[in-house]
Amino acid sequence: MAVSANTSPDNRPVGFFDSGLGGLCILEAFKKACPAENTVYIADSANCPYGNRPADEIRRISFANTRELLSKYGCKMIVVACNTATAAAIDALRESFPETPFIGIEPAIKPAALNSKSGVVGVLATAGTFNGRLYRETTARFARDVTVIAAVADEFVALVERGETSGIEAERTVKAKVEPLLAAGADHIVLGCTHFPHLKHLMEKVACGRAEVVDPSDAVVRQAERVLAKMNLKGATDAPYHKFIRTKGGGDVQTCC
């Protein structure tokens, strides 16, 4: 990954992709932190969910999204705004596109483990994230002194994609996953999928102060900021554009906002 000697603004867009709408929480945090940057976001709803797909299929999809962001939109950096895609593909992406910086997502187990008083941490994620190298390595490295309870919550992805982030069904589904973690003594609940922060308010309602819900969005954005600065890639656009692409069946639906 080469570091550019150019000190003038680089107004090429920052690319994002996720299996659908989940990564929008990362995008929105990035737009607030970096208001002078152009962005392109691929919501790959045609292939949603990623969490129950084989790793090689997720890599193939991730490469397709990356090639589109690079070749069609000229992105200078790519945020893999999906825990499952990060787990399955980010190493291969970095190896295949060495000139492009990639920012990945991994469960915020370290801060949860360090701050836990009960010694029990719950993690909500998809099966694909739990099966990935990053989750295993992060847990082994930072959670040796706590008990980590992993709970697959693929149902949350479906809720967010349907736009059901409130209401009786959403609250019932969230409660069914969160209550067992609380009953086991978890005082921190880590969100291991970028879809899940859209349901954070319901998790906090269920927890009712018994546990802190840990969202990694801000940490991801801080890393993206650091990489942009380090590689002299920061933009300075007065009126940035934010392009949203949603794959749906056989074609793309594109809207600019």
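Before the first stop, a word on handedness: a crossover is right-handed if, with the strands pointing away from you, the path from the first strand over the helix to the second runs clockwise. Helices (H or I, at least four residues) and strands (E, at least two) are DSSP runs, numbered from the N terminus. This is a predicted model, in which local features need pLDDT of at least 70 and side-chain atom pairs count only at pLDDT 80 or more, while totals for chains, interfaces and linings use all residues. Residues are numbered from 1 along each chain as its sequence is written, and side-chain values use heavy atoms, leaving out hydrogens and water.

**Stop 1: colour by confidence**

The protein chain has a mean of 92, and 94% of its residues reach 70 or more. Now pick residues 250–257: pLDDT stays under 50 there.

**Stop 2: the β-α-β unit**

Select strand 1 (residues 14–18), helix 1 (residues 24–33) and strand 2; together they make a right-handed β-α-β unit. Strands 1 and 2 pair (DSSP finds at least two bridges between paired strands) in the parallel sense, over five bridges. To find two of the partners, look for Gly15 with Val40, and for Phe17 opposite Ile42.

**Stop 3**

Phe16 has Val79 as its bridge partner in strand 3. Is strand 1 buried or exposed? Buried means under 20% relative accessible area, exposed over 50%, and partly exposed in between, using a 1.4 Å probe on protein chains only. Five of the five residues of strand 1 are buried, so the rest of the structure largely encloses it.

**Stop 4: strand 2**

Move to residues 39–43, strand 2, where five of five residues are buried. One side carries Thr39, Tyr41 and Ala43, the other Val40 and Ile42. Next, show strand 9 (residues 242–248), which runs parallel to strand 2 and is joined to it by five bridges. Ala43 has its bridge partner in strand 9 at Arg246.

**Stop 5**

Zoom in on Asp18, which sits in strand 1 and has a relative accessible area of 0%. Show its contacts (heavy atoms within 4.5 Å): leaving out residues up to four places away in sequence, they include Tyr41, Asp44, Cys82 and His195. For a distance to check, the C-alpha atoms of Asp18 and Ala85 are separated by 7.8 Å, though the two are 67 residues apart along the chain.

Then step to Ser19, in the loop between strand 1 and helix 1. Ser19 is buried too, at 4% relative accessible area. Beyond four places in sequence, Ser19 touches Asp44, Ser45, Cys48, Tyr50 and His195.

**Stop 5: the largest cavity**

The model has three cavities of 30 Å³ or more, and the largest holds about 70 Å³. Select some of the residues lining the largest cavity, among them Ser19, Tyr50, Cys82, Asp154 and His195.

Conventions
pLDDT is the predictor's confidence in each residue, from 0 to 100. On a 1 Å grid over the protein atoms alone, a cavity is a set of points where a 1.4 Å probe fits but cannot get out, and a pocket is an open set with protein on both sides within 12 Å along at least five of seven lines; lining residues have an atom within 4 Å of a point. Grid points are joined across faces, edges and corners, and a volume is the space filled by probe spheres set on the points.
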